[in-house]
4 protein chains.
Amino acid sequence: MSQKTSYGFLGLGIMGNGMVRCLLAGGLDVTVWNRTPAKCAPYVELGAKTASTAKEVIEKCDITFSCVSDPEAALQLVTMENGVLAGISAGKAYVDMSTVDGACAQEINTLITAKGGRYCEAPVSGSKGPAEQGTLLILAAGDEALASECQEAFDLMGKKSWFLGEVGQGARMKLVINTIMGVCLQGMSEGLAVGTKAGLDGETIIEVLSMGASGAPMFKLKGPKVLKDDYAVNFPLKHAQKDIRLGIALGDEMKQEMPAAAATNETFKKAIKEGNGDLDFSAIYKTLN
Amino acid sequence: MSQKTSYGFLGLGIMGNGMVRCLLAGGLDVTVWNRTPAKCAPYVELGAKTASTAKEVIEKCDITFSCVSDPEAALQLVTMENGVLAGISAGKAYVDMSTVDGACAQEINTLITAKGGRYCEAPVSGSKGPAEQGTLLILAAGDEALASECQEAFDLMGKKSWFLGEVGQGARMKLVINTIMGVCLQGMSEGLAVGTKAGLDGETIIEVLSMGASGAPMFKLKGPKVLKDDYAVNFPLKHAQKDIRLGIALGDEMKQEMPAAAATNETFKKAIKEGNGDLDFSAIYKTLN
Amino acid sequence: MSQKTSYGFLGLGIMGNGMVRCLLAGGLDVTVWNRTPAKCAPYVELGAKTASTAKEVIEKCDITFSCVSDPEAALQLVTMENGVLAGISAGKAYVDMSTVDGACAQEINTLITAKGGRYCEAPVSGSKGPAEQGTLLILAAGDEALASECQEAFDLMGKKSWFLGEVGQGARMKLVINTIMGVCLQGMSEGLAVGTKAGLDGETIIEVLSMGASGAPMFKLKGPKVLKDDYAVNFPLKHAQKDIRLGIALGDEMKQEMPAAAATNETFKKAIKEGNGDLDFSAIYKTLN
Amino acid sequence: MSQKTSYGFLGLGIMGNGMVRCLLAGGLDVTVWNRTPAKCAPYVELGAKTASTAKEVIEKCDITFSCVSDPEAALQLVTMENGVLAGISAGKAYVDMSTVDGACAQEINTLITAKGGRYCEAPVSGSKGPAEQGTLLILAAGDEALASECQEAFDLMGKKSWFLGEVGQGARMKLVINTIMGVCLQGMSEGLAVGTKAGLDGETIIEVLSMGASGAPMFKLKGPKVLKDDYAVNFPLKHAQKDIRLGIALGDEMKQEMPAAAATNETFKKAIKEGNGDLDFSAIYKTLN
């Protein structure tokens with residue numbers, strides 16, 4: 001399929017940059033577009049084609065991916081003049097890899113499919129580094145045949161991809177994963193705070209923790225930094241809190257109690273109240289310590 | 001030092017079995033003793049010497065390790081007739097690798113050093129598998145010179161060892177690590193419960209989780225089991241709750257709030273109330289789901 | 001003012017019944033209307049007038065109160081054919097005493113004032129008994145002059161009324177009060193559960209509690225009932241959970257951590273999961289005990 | 001019985017002062033003793049007799065009450081030279097109204113009964129004001145016949161007394177009541193913090209709360225003070241935290257989860273960490289707000 005398929009990619013930000021490079025490095029036929037056209041030049045040097053509008057990308061390509069900053073940008077990309085929707089016709093495929101909520105994914109799905117297009121949401125887990133290295137985790141949902149046709153591209157961008165069912169399940173999986181992540185970070189922070197107060201060396205706690213059964217990669221990454229009050233932002237605390245809050249809201253909907261997530265959420269809220277919402281989410285340590 | 005040093009080992013249970021095999025495989029001179037003498041035979045075939053009492057092991061060896069089931073057994077091993085204390089004299093070294101609390105470690109320390117002996121506590125993190133494979137994490141504290149002399153033996157039994165300071169800090173490190181572990185398990189359980197209720201596949205949640213930043217080895221190990229209601233005991237829930245409770249008590253002492261650990265502890269208590277205290281600690285999932 | 005003012009009342013359910021009787025007993029001029037006209041008869045015997053539509057009530061009266069079951073009913077009462085809005089003209093006053101959320105109150109406010117009408121929300125705290133006895137707590141917000149003109153009527157229906165500011169503050173006050181109530185009930189339930197397990201007599205715990213500094217009337221009312229597994233519904237658990245959830249959501253908005261409310265919410269959710277959502281909110285005791 | 005019974009009272013501090021005055025005002029025959037003899041003079045003016053040692057009080061009186069500051073003082077009063085125990089003989093009755101823990105009550109019970117004496121613990125709920133007004137809540141446990149013989153005296157000192165069973169149940173009741181009180185105060189504080197941030201007036205929140213179903217007397221008392229940052233100590237925060245911690249420990253023992261109490265405890269710990277342990281327990285508001 002790869003030789004015949006033509007791919008589009010809309011959005012060349014931090015994430016899109018790495019993803020497109022991976023697709024090009026894999027020898028795929030990629031047409032790129034970005035709101036600021038100048039950003040396209042480096043990809044042309046690597047073999048990419050360009051188009052003057054998002055509409056044109058959709059029209060020229062079999063499958064078009066996008067990755068923009070948030071739900072508002074994702075929706076605007078679809079509905080704006082000369083946007084995605086303008087180019088959609090029967091059989092065209094659109095795969096939105098932005099992080100949006102389930103309702104937004106549903107809305108885009110309705111717009112695309114009403115014009116005969118095919119749609120997948122495919123939010124990713126992982127940030128700048130994994131995007132460049134092609135080691136993202138890809139959480140696809142929606143049109144299963146389409147997800148299957150994306151496999152080659154997904155394999156270039158990610159270390160693994162999953163098809164999770166109907167539109168919305170990709171967003172839900174991301175919430176569940178991020179809620180668990182928040183609780184684990186909270187657990188580390190509480191343990192680090194009490195351990196150092198009890199005279200244990202913080203770096204050593206992280207080292208022992210990292211080598212044992214609960215040794216998540218995040219602990220090795222964040223632990224030494226919080227001990228130095230280094231909260232350079234990777235995942236903003238206020239975004240992490242939003243995900244935990246939505247994870248708990250999913251619990252409300254499912255009538256699933258989530259006591260540790262709830263306790264964690266309250267700490268994150270306190271951290272925002274204390275003015276740390278724009279720091280890295282590991283800055284809950286400041287609030288707890 | 002290794003050629004000149006003679007080692008003793010008291011206690012040949014699940015943990016001691018693996019640890020002694022590692023010492024013997026490393027070519028060390030080891031004298032073993034067990035309450036049930038017949039248990040010593042397999043180690044003699046592997047090159048171990050034996051002695052008829054714990055006292056005799058202490059007298060014959062430069063450094064004697066022990067690993068028994070709990071604080072009571074650890075204390076009895078020291079104080080019983082023909083026990084450890086009976087053999088201690090100036091310069092003899094005793095390293096207790098059992099999991100005991102700080103108070104018990106202090107008491108044994110006082111008894112040993114009052115007779116001129118040297119003492120380390122060295123509780124381990126890891127269970128049967130790591131004991132056999134020599135990949136335990138060894139949390140030593142007490143006599144620093146002694147811990148240093150144990151390095152060759154520690155390297156055979158563990159993948160890493162740490163010297164943590166005065167007697168009690170080994171036990172405290174273990175509490176901190178196990179409290180964090182409890183919170184992480186709770187986070188996974190809450191996420192798994194809400195995610196599966198929302199229609200996500202449980203195995204997939206574990207898989208995505210395991211490949212991401214919060215992917216602790218424990219999730220891969222426990223997740224698929226709890227989804228099958230398999231709570232075959234590895235670490236009993238009631239022991240895990242005891243550690244979390246003591247971790248929070250350390251927080252009380254240090255005036256460190258630990259809200260997620262506290263929420264976790266209440267779930268563990270509820271699980272015990274529901275009759276699951278003797279199952280694996282992952283059985284909190286039964287209570288939450 | 002009372003001799004000149006004519007009052008309307010829409011909705012003669014459990015709450016409206018008591019409230020209208022209090023207004024009539026106070027000698028006010030009241031015109032009633034109910035979806036089921038037959039329900040009006042008893043009030044006519046007590047001196048009330050009737051009208052055939054809500055629109056007609058509004059047109060005939062200076063100030064019209066309403067009290068219906070939920071936000072949907074409240075909104076429908078306003079917008080339906082021959083409803084409230086149809087009767088509104090410059091200077092007409094409408095006071096909605098239903099329990100609605102802030103958004104709904106805002107919407108009704110916009111509709112009424114766009115036609116030149118005046119509007120207050122005035123949700124009440126208290127149930128059937130206080131409605132009949134005229135001892136409700138009235139939480140008014142919106143048009144301050146109107147709230148002031150309602151004083152005589154409020155005094156007949158309630159033991160106290162407050163003017164709380166702009167539309168939405170009445171609903172918010174109710175959320176805050178109900179969230180605190182949920183936490184207090186949770187506290188009582190936890191104490192009762194642990195105390196009785198420790199061999200203390202449940203009735204005695206309630207009695208000691210009730211005579212002390214934290215002796216809320218609710219404890220005396222609910223305590224003895226939960227001890228007999230009597231959860232006859234007064235305030236449905238699922239409604240109480242909704243209020244606590246919205247109270248915490250207000251905390252999210254204000255960046256105010258609410259750890260005990262969050263823990264309480266998780267217990268309420270668990271209770272709903274266990275099938276007790278339609279019982280009285282005191283049925284959290286079943287889940288905790 | 002009252003004319004024939006002679007009463008002793010040991011300890012004339014803040015609590016004892018009020019209690020003795022109530023006994024004297026009721027016309028009882030009371031012999032007082034205090035570590036500082038000069039403190040006895042005012043009571044002599046009111047009709048009290050005095051003795052030079054605690055031993056002498058026990059010997060002269062049928063029933064001797066005591067109320068001292070803490071478990072250490074309570075135990076010392078019994079075991080010191082010329083103390084309570086020195087005077088105990090068959091049939092002598094001793095009723096300790098100090099706040100002690102169950103273990104201390106048990107120890108005093110063993111000492112007194114071993115010499116043939118009779119013993120009750122009778123901790124009280126209430127502080128200075130109720131002691132002076134004779135409106136304490138008296139939580140008696142131990143020798144039931146003795147508690148019954150104390151009824152006249154209890155009625156003078158308290159508005160109600162209960163007999164709760166074996167020694168230790170008085171202390172346990174106090175823990176349960178104080179744990180519930182802590183959760184209720186936390187609930188009020190969270191509600192007050194979020195409500196005021198949402199623009200509601202704090203005094204009004206307290207007023208509405210106080211007139212409703214969860215209107216505990218404490219809210220009216222503490223609410224307006226915390227709004228003015230007035231934390232003049234009535235019940236020290238660190239003592240309140242100790243009681244909540246012990247209440248949760250009772251939950252551990254009984255395997256009773258107490259999630260809101262646990263969340264509350266963490267807030268109290270944080271308040272102590274922030275240096276507010278010696279303020280009134282209502283100072284958790286500073287930590288939450």
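This is a predicted model: local features need pLDDT of at least 70, side-chain atom pairs count only at pLDDT 80 or more; totals for chains, interfaces and linings use all residues.
Figure 1. What do they pack against?

**Figure 2. Helix α12 in chain A.** Here the helix spans residues 217-227, with Met218(A), Phe219(A), Lys222(A), Gly223(A) and Val226(A) as its buried residues. Looking down the axis of α12(A), you find these buried residues within an arc of 115°, so they line one face of the helix. The packing partners of the buried residues of α12(A) are α10 (169-197), α11 (202-211) and α15 (284-288) of chain A. Just past α12(A), Asp229(A) has a positive phi of about 55°.

**Figure 3. Two loop residues with positive phi.** As background, most residues other than glycine have a negative phi. Lys255(B) is not a glycine, yet its phi is positive, at about 55°. Lys255(B) belongs to the loop that links α13 (237-254) and α14 (259-273) of chain B. Is Lys255(B) buried, exposed or partly exposed? With 19 other C-beta atoms within 10 Å, Lys255(B) is partly exposed; a residue needs 20 or more to count as buried. Over in chain D, Asp229(D) also has a positive phi, near 55°, and is a residue other than glycine. Asp229(D) lies in the loop between α12 and α13 of chain D. Asp229(D) has 10 C-beta neighbours inside 10 Å, and therefore counts as exposed.

**Figure 4. Phe65(D) and its surroundings.** Phe65(D) is part of strand β4 of chain D, which covers residues 63-66. Because Phe65(D) has 29 C-beta neighbours inside 10 Å, this residue counts as buried. Which residues does Phe65(D) touch, leaving aside those up to four places away in sequence? The list is Tyr7(D), Gly8(D), Phe9(D), Val95(D) and Met97(D). For another distance to check in the viewer, take Glu121(D): 56 residues along the chain from Phe65(D), with 9.7 Å between the two C-alpha atoms.

**Figure 5. Where chain D meets chain C.** On the chain D side, 56 residues are in contact with 56 residues of chain C. Elements of chain D that put two or more residues into this side are β8 (136-142), β9 (158-163), α10 (169-197), α11 (202-211), α12 (217-227), α13 (237-254) and α14 (259-273). The top contributor is α10(D), with 19 residues. Sorted by class, the side of chain D that touches chain C comes out at 32 nonpolar, 17 polar and seven charged residues. Of the interface residues of chain D, 100% are also interface residues in chain C, so the copies meet through the same surface.

Figure 6. Chain A has 15 helices and nine strands. Its radius of gyration is 21 Å, close to the 19 Å from the globule rule for 289 residues, so chain A is as compact as a globular protein of that length. The C-alpha trace of chain A spans about 65 × 45 × 35 Å along its principal axes, and 60% of the 289 residues count as buried. Among contacts in chain A with a separation of 6 or more, 63% join residues 24 or more positions apart. The chain divides into domain 1 (6-167) and domain 2 (172-288), whose centres, taken over C-alpha atoms, are 30 Å apart. Seven residues from domain 1 of chain A and five residues from domain 2 of chain A make up the contact. On the domain 1 side of that contact there are three nonpolar, four polar and no charged residues.

Note on methods:
Residues are numbered from 1 along each chain as its sequence is written. Chains are lettered from A and ligands numbered from 1 in the order in which they are written. Two residues are in contact if their C-beta atoms, placed from the backbone, lie within 7 Å. Helices (H or I, at least four residues) and strands (E, at least two) are DSSP runs, numbered from the N terminus. Ala, Val, Leu, Ile, Met, Phe, Trp, Tyr, Cys and Pro count as nonpolar, Asp, Glu, Lys and Arg as charged, and the others, Gly among them, as polar. The radius of gyration is taken over C-alpha atoms; the globule rule is 2.2 Å times the number of residues to the power 0.38. A residue is buried if 20 or more other C-beta atoms lie within 10 Å of its own, exposed if 12 or fewer, and partly exposed in between; C-beta atoms are placed from the backbone. Domain bounds come from an automatic or database domain assignment. The arc is that of the directions from the helix axis to the C-beta atoms.
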